[in-house]
Amino acid sequence: KKCVDMGCGSGIQTAALIQSEAKEVMCVDVNSHALSATKKMVEKRFPTKKEKVKYIESNLFEKVNETFDVIVFNPPYVPSETIKWIEVDGGKKGREIIDAFLEQMSAHLNPNGIIFLLQSSLNGLKLTQKKLRKKGFSSRVVAREKLDFEELYVLRIALQ
């Protein structure tokens, strides 16, 4: 599968995609340091597969002109009045980056493709699911973890 790790951060999702035998992985992050960290991790842990991985510094899909079979995204979702640290701040109600992603994702998903999106209980899971339905997508929670002050969900998203 052709995959993208949106907001690759340290590269943990990139590693999972490589281990899952992804044909190609594109790592996208707004932070050049995150891209460097991911690249170093790939070169160290997967030296024979490093040619399968590309790196693009971009705010979401801004500089991405491709479509993918699998999109994974662990968005910045911490609620904040303003986005001071784009890597973690999600803006008011923690939804600004999530909502921007929801608007852009359709243009980058291949037919029969799937998206895995991390969602926090702080950001309105039901609102995300409602927005997805309006765009013609189905979603279901495939993983969850209860923390002290929130619950994290992984949504599996596909066209209906």
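Does K2 count as buried, partly exposed or exposed, and at what relative accessibility? K2 counts as partly exposed, at 22% relative accessibility; buried means under 20% relative accessible area, exposed over 50%, and partly exposed in between (1.4 Å probe, protein chains only). The model is predicted: local features need pLDDT of at least 70 and side-chain atom pairs count only at pLDDT 80 or more, whereas totals for chains, interfaces and linings use all residues. Residues are numbered from 1 along each chain as its sequence is written, and side-chain values use heavy atoms, with hydrogens and water left out.

**Charged residues**

- The count of salt bridges comes to 7, a salt bridge being a side-chain nitrogen of Lys or Arg within 4 Å of a carboxyl oxygen of Asp or Glu.
- K2 forms a salt bridge with E66, with the closest N and O atoms 2.7 Å apart. This pair links distant parts of the chain, as K2 is in strand β1 and E66 is in the loop between β3 and β4, 64 residues apart. Helices (H or I, at least four residues) and strands (E, at least two) are DSSP runs, numbered from the N terminus.
- E66 also forms a salt bridge with K54, the closest N and O atoms being 2.8 Å apart. K54 lies in strand β3, so this pair ties together parts that are 12 residues apart in sequence.
- E66 is partly exposed at 22% relative accessibility, and K54 is partly exposed at 34%.
- A network of salt bridges links K2, E24, K54 and E66.
- The charged end of K2 sits over the ring of F68, 5.5 Å from its centre; the rule requires NZ of Lys or CZ of Arg within 6 Å of the ring centre and within 35 degrees of the ring normal.
- In the salt bridge between D99 and R95, the closest N and O atoms are 2.7 Å apart. D99 is partly exposed at 22% relative accessibility, whereas R95 is buried at 5%.

**Aromatic pairs**

- The whole structure holds 2 aromatic pairs. Rings of Phe, Tyr and Trp (its six-membered ring) pair if their centres lie within 6.5 Å; planes under 30 degrees apart count as stacked, over 60 as edge-to-face and the rest as tilted.
- F61 and F101 are stacked, at 5.9 Å centre to centre and 25° between the planes. F61 lies in the loop between β3 and β4 and F101 in helix α3, so the pair ties together parts 40 residues apart in sequence.
- F73 and F101 form a tilted pair, at 4.7 Å centre to centre and 40° between the planes.
- F61, F73 and F101 form one aromatic cluster. F73 is buried at 3% relative accessible area, and F101 is buried at 0% relative accessibility.

**Nonpolar cores**

- A nonpolar core is a set of buried Ala, Val, Leu, Ile, Met, Phe, Trp, Tyr and Cys residues joined through side-chain atoms within 4.5 Å.
- The largest nonpolar core has 24 residues, of which M6, I71, F101, M105 and I157 touch the most other members. Helix α3 gives the most to this core, with 4 residues.
- Another core, of 17 residues, lies apart from it and includes I18, V25, L35 and V72.

**Helix α1**

- T14, A15, L17 and I18 are buried in helix α1 (residues 12-19). Seen down the axis, the buried residues of α1 fall within an arc of 160°, so they line one face of the helix; the arc is that of the directions from the helix axis to the C-beta atoms.
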